[in-house]
Amino acid sequence: MRIFTEKNFFGECTLFVREWVKLLSENKLDEACDMLDDPEDNGRSIFWDAATMTEALLGYIGQRRMPSVSDPYRTDLGKERVSFIGCDEGNYAVDYDIPIEGEWTDLTAQFTFKRHASGLYLVLLEGLSVLN
């Protein structure tokens, strides 16, 4: 669980996701997965590790080679796309387009920032998919 302040919630969440993508760009998949919280086991949840992350990335447009994820800080942040969708009880769905080979793409990481009763947030990766 993580602390995000109400005053700068959106900015802090964006920084969190950028740091997560930066780890992907450095092929530190285990570390990226360690940043995520485990979801409740409801039979549909994905428990992310390096193997499931690799499988998801390899599935991008049917590639059988690992796409070269780019460091978002070294990519034109003016073209960065991040979307926040407010849900119930202070929860947010967050979509973040992942840069590959220096360009922003339609490969989107879909997160849930789920507010816990303690005021902390669970950060869950719901999946990687191509959104239009």
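Which residues make the nonpolar surface patch of about 240 Å²? Leu-15, Tyr-73 and Leu-77 do, and some notes on the rest follow.

Before the points, some ground rules: this is a predicted model, where local features need pLDDT of at least 70, side-chain atom pairs count only at pLDDT 80 or more, and totals for chains, interfaces and linings use all residues. Residues are numbered from 1 along each chain as its sequence is written, and side-chain values use heavy atoms, with hydrogens and water left out.

1. **The nonpolar patch.** Tyr-73, one of the patch residues, sits in the loop between H3 and E1. Helices (H or I, at least four residues) and strands (E, at least two) are DSSP runs, numbered from the N terminus. Tyr-73 counts as partly exposed because its relative accessible area is 35%. On that scale, buried means under 20% relative accessible area, exposed over 50%, and partly exposed in between (1.4 Å probe, protein chains only). Patches take residues with over 30% relative accessible area and no salt bridge; like charges are joined within 9 Å, and nonpolar side chains (Val, Leu, Ile, Met, Phe, Trp, Tyr) within 5 Å. The areas come from the Shrake-Rupley method with a 1.4 Å probe, and for residues only the protein chains shown count as cover.

2. **The negative patch.** Asp-30, Glu-31, Asp-34 and Asp-49 form a negative surface patch. For the bookkeeping, Lys and Arg count as positive and Asp and Glu as negative, while His and the chain ends are not counted. Each charge is placed at NZ of Lys, CZ of Arg, CG of Asp or CD of Glu. Glu-31 belongs to helix H2 (residues 29–34), and its relative accessibility of 41% is why it counts as partly exposed.

3. **Salt bridges around Lys-22.** The whole structure holds 6 salt bridges, each a side-chain nitrogen of Lys or Arg within 4 Å of a carboxyl oxygen of Asp or Glu. In one of them, Glu-26 meets Lys-22 at 2.9 Å, N to O. Glu-26 is partly exposed because its relative accessibility is 34%; Lys-22 is also partly exposed, at 24%.

4. Going back to Lys-22, salt bridges that share partners join Lys-22, Glu-26 and Lys-28 into one network.

5. **Asp-71 with Arg-74.** This is another salt bridge, with the closest N and O atoms 3.8 Å apart. Asp-71 counts as buried because its relative accessibility is 13%, while Arg-74 is exposed, with a relative accessible area of 76%.

6. Thr-105 is part of strand E3 (residues 103–115) and is buried, at 13% relative accessibility.

7. **Two pairs separated in sequence.** Val-123, in strand E4 (residues 121–130), is buried because its relative accessibility is 0%. Val-123 and Met-35 are 88 residues apart in sequence, with 8.0 Å from C-alpha to C-alpha. Glu-80 lies in the loop between H3 and E1 and counts as buried at 16% relative accessibility. From Glu-80 to Asp-106, 26 residues apart along the chain, the C-alpha separation is 11 Å.

8. **Backbone angles to look at.** Asn-27 has a phi near 60°, a positive value in a residue other than glycine. Asn-27 lies in the loop between helix H1 (9–25) and H2, and is exposed, with a relative accessible area of 59%. Glu-101 also has a positive phi, near 50°, and is found in the loop between E2 and E3.
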